[in-house]
Amino acid sequence: MNRKHSFDVIVIGAGPAGSTAAYLLASKGFKVLILDKSTFPRDKLCGGLLTWKTVKLLESIFQTSIDFLKSKHIITCSSNKYRVVSNTGISIKGQLGHPFHFVQRNAYDFFWLKMACQAGAEFRPGEKVISLDCLNLGGRISTDKGSSFFGRFIFGADGAVSNVRGLLASKNFIQTEWKSNLATALEVFVPTRQTPELSDYPQIYFGHIRWGYAWCFPGEHFRVIGICGLNAKAGRFLRKGYEAFLDSIRISGKPIPAPASHALPYGNYLTTPGYGNVLLLGDACGLADPLLGEGIYYAQKSAQLAAETVVQSYHDPPAVLKGYARHLNRVIISELKYLRIGRQIIFSLPGAWPYRILMSLLKIMPKKCEEIIQGQRSLKWFRPV
Ligand SMILES: Cc1cc2nc3c(=O)[nH]c(=O)nc-3n(C[C@H](O)[C@H](O)[C@H](O)COP(=O)(O)OP(=O)(O)OC[C@H]3O[C@@H](n4cnc5c(N)ncnc54)[C@H](O)[C@@H]3O)c2cc1C
């Protein structure tokens, strides 16, 4: 393969995970190619909520600030308030120590992709990866356009229905059991002027779906209304739960668009995050919160860990997957593990008990709950991070 088609790292997928990894590697002088099946800016179904840990991570990786992101219209709205509602009739309104911020994913993802390109990464849009050969010294990628590329390392950052993960699993290179902890989300963007009765702060709703929850998030021009549930336990009831939820917030009679659906990792993280010189990042590795579905932070954090490991061990490829797995398990999976166990215990309870417990925890220790969600407190012994 000629030099033009050979790269130090090929990143598949230009979402938050892929662009962050590409930015960090290109900034260090590595030759990086990003491939995405879409052209950008592209839409991605998402609530767009950023927690404190995400903005801190963005500050440390991109030397950016909340004010700067607001001035660029990347963060379009922020809120210090929240409300959690349960269909048992309990509702808790709270004040946050640090605000939640909201972004629109087409602008957010395009912004980090441009940063990666400015740092020197090459981007090829409209190239869907369809095959991957794992070689001793790297990997060969082919796309639906008939292009072929070689990378010493391949980063699979191609989302919740990852082709890269599927290709590795089809050859039994990685764990194939994936679907039991996959969720589906339904989401709709409703013009704010159409729903003036809904609040301008984020609201979470429990009880319309088992093994999941619903949400209504604010936005500059649109509110984001959605519901998600674990396929294995709640998949069949998602549509019914969605309709019951719209009824409960009294917007079911309004002419709102039909919801779109998207897969969401919900506890199906891989503890061995790849094979050979292929590393899986973000949703492709199942890295989203198994209770609330937050995934942007985990996508960008896993990208940082993967990029740093390549920088450290570029000349010792076997050490890269080992090092990435070690960091990922210590920094991310150790937390997701507790969330998955907690969710398993709470949602296994009958009737309204899951929501009673969640609401009681929030009522008794709102500060600690916020600190866990924001990433200021670990679930391990609840110690401050
Ligand atoms: C309805 C919904 C609401 C959510 N709300 C929130 C929220 O409020 N806050 C939060 O933190 N998280 C939220 N998440 C989770 C969050 O969206 C994901 O965790 C995050 O997008 C993961 O980023 P990523 O870079 O790993 O993957 P993605 O953002 O999915 O990017 C993957 C990229 O890969 C490309 N791709 C896919 N296949 C191929 C291929 N074969 N070849 C080339 N390119 C390919 C895609 O075009 C895409 O650009 C939500 C998810 C859903 C579904």
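Where the two meet, domain 1 puts in 15 residues and domain 2 puts in 18 residues, contact here being C-beta atoms, placed from the backbone, within 7 Å of each other. The domain 1 side of this contact splits into 7 nonpolar, 6 polar and 2 charged residues. For these classes, Ala, Val, Leu, Ile, Met, Phe, Trp, Tyr, Cys and Pro go down as nonpolar, Asp, Glu, Lys and Arg as charged, and the others, Gly among them, as polar.

A word on the model itself. It is a predicted one, in which local features need pLDDT of at least 70 and side-chain atom pairs count only at pLDDT 80 or more, whereas totals for chains, interfaces and linings use all residues. Numbering starts from 1 along each chain, as its sequence is written.

The ligand lies between the two domains, because domain 1 and domain 2 both give residues to the shell around it. There are 38 residues around the ligand, and the ones that come nearest are Gly-13, Gly-15, Gly-47, Gly-282 and Gly-295; to be near, a residue needs its C-beta atom, placed from the backbone, within 6 Å. Two or more shell residues come from each of α1 (16-27), β10 (182-191), β14 (260-265) and α8 (296-313). Helices (H or I, at least four residues) and strands (E, at least two) are DSSP runs, numbered from the N terminus. Sorted by class, the shell holds 17 nonpolar, 13 polar and 8 charged residues.

Phe-40 and Pro-41 are joined by a cis peptide bond, with omega about 0 degrees, and Pro-41 belongs to the loop between β2 (32-35) and β3 (49-50). Two residues other than glycine have positive phi: His-73, near 65 degrees, and Trp-211, near 55 degrees. His-73 sits in the loop between α3 (66-71) and β4 (75-86), and Trp-211 in the loop between β11 (203-206) and β12 (212-217). His-73 has 12 other C-beta atoms within 10 Å, so it is exposed, whereas Trp-211 is buried because it has 21 C-beta neighbours inside 10 Å. The cut-offs, with C-beta atoms placed from the backbone, are 20 or more others within 10 Å for buried and 12 or fewer for exposed, with partly exposed in between.

Note on methods: Domain bounds come from an automatic or database domain assignment.
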